[in-house]
Amino acid sequence: MRSLIDIVDLTVEEIDELIATANDIIANPDKYAEKCHRKKLATLFFEPSTRTRLSFEAAMLELGGSVIGFSGASNSSAAKGESVSDTVRAVGCYADIIAMRHPKEGAPMIASMRSPVPIINAGDGGHNHPTQTLADLLTIQREKGKFDNLVVGMCGDLKFGRTVHSLIHAMSRYKGVKFVLISPDELKVPEYIIQELDKEGIPYEETTSLEDAMPSLDILYMTRVQQERFFNEADYIRLKDSYILNMDKLETAKKDLCIMHPLPRVNEISVAVDDDPRACYFKQVLNGKYIRMALILKLLEVA
Ligand code: CP
């Protein structure tokens with residue numbers, strides 16, 4: 001039985017297979033409409049979500065399966081003090097696979113050690129978000145046609161942004177990738193990730209200037225400043241609008257730049273950018289459903 005806790009739980013070859021399956025689902029949805037007949041997905045979301053929870057649920061429904069779950073710890077027996085381990089042991093009596101989001105880093109990993117069914121990490125605190133990364137990779141593959149030799153700019157809250165951490169781990173495995181890490185000093189990528197990049201000899205630069213970085217980028221991955229991870233409201237208010245991407249800032253960008261954002265956005269991309277053909281963030285949302293369909297099939301070992 002396999003769970004997905006960290007994006008590197010999947011090999012590069014397995015990610016290629018998931019992307020191929022997702023592309024086949026997009027081309028031939030009817031072929032997959034009954035693949036998960038009589039299977040149940042449980043979505044256990046201890047933290048708010050729109051895209052991840054609903055795309056998992058839509059994915060299972062489009063595979064012919066059904067969905068149970070809760071959205072908010074207050075609606076579950078976690079509110080009475082039940083542990084994550086006991087929760088998944090109980091839910092595993094009812095469901096064939098579980099997607100879990102939790103505010104505590106490592107909670108889905110702990111859950112996977114006691115769960116009778118596969119656990120999918122749907123985001124754990126400021127740590128990882130591997131299925132967002134799968135959506136990001138499908139988007140990059142469909143937009144750029146490759147993963148090698150790309151200059152990937154990541155901008156905003158690189159400290160608490162779990163999607164950033166997972167995407168760096170995923171993209172680090174491809175040849176010739178360079179990262180440009182654009183953030184205020186207070187929101188730089190965690191030191192453990194910088195040490196991993198140094199150890200693997202992966203090129204990166206850290207900067208506070210989106211304007212300076214813009215002309216070199218093939219991908220610009222914007223992120224929201226994660227208010228819910230701040231200890232101090234005044235720090236959040238000071239940092240929240242550090243970067244706002246607008247059409248003026250895109251003047252120096254490549255014509256085939258791929259502008260990404262895991263969403264939700266607050267203020268960091270002007271809505272005027274949505275109409276630019278380089279804006280890919282709503283494609284990411286849709287791709288998230290297809291790649292999660294592919295992942296459910298893989299973890300349930302449905303042919
Ligand atoms: N990208 C993402 O995780 O969005 P939600 O928080 O809406 O699930």
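Lys240 comes out as partly exposed in this predicted model, with a relative accessibility of 32%. Its salt-bridge partner is the very next residue in the numbering, Asp241, and the closest N and O atoms of the two sit 3.4 Å apart. Asp241 is partly exposed as well, at 34% relative accessible area. Since partly exposed covers the range between the buried limit of 20% and the exposed limit of 50%, the values of 32% for Lys240 and 34% for Asp241 both fall inside it.

A second pair is made by Arg265 and Asp274, whose side chains meet in a salt bridge with an N to O distance of 2.7 Å.

Lys144 and Asp256 form a salt bridge through their side chains, at 3.7 Å from N to O. Lys144 belongs to helix H5 (residues 130–144), while Asp256 lies in the loop between helix H9 (233–239) and strand E9 (258–260), so this contact ties together parts that are 112 residues apart in sequence. The 3.7 Å separation falls within the 4 Å cut-off, which is why the pair counts as a salt bridge.

Taken over the whole model, the tally by this rule is 17 salt bridges. Among them are Lys240 with Asp241, Asp274 with Arg265 and Asp256 with Lys144.

How values were computed:
Residues are numbered from 1 along each chain as its sequence is written. This is a predicted model: local features need pLDDT of at least 70, side-chain atom pairs count only at pLDDT 80 or more; totals for chains, interfaces and linings use all residues. Side-chain values use heavy atoms; hydrogens and water are left out. Helices (H or I, at least four residues) and strands (E, at least two) are DSSP runs, numbered from the N terminus. Buried means under 20% relative accessible area, exposed over 50%, partly exposed in between (1.4 Å probe, protein chains only).
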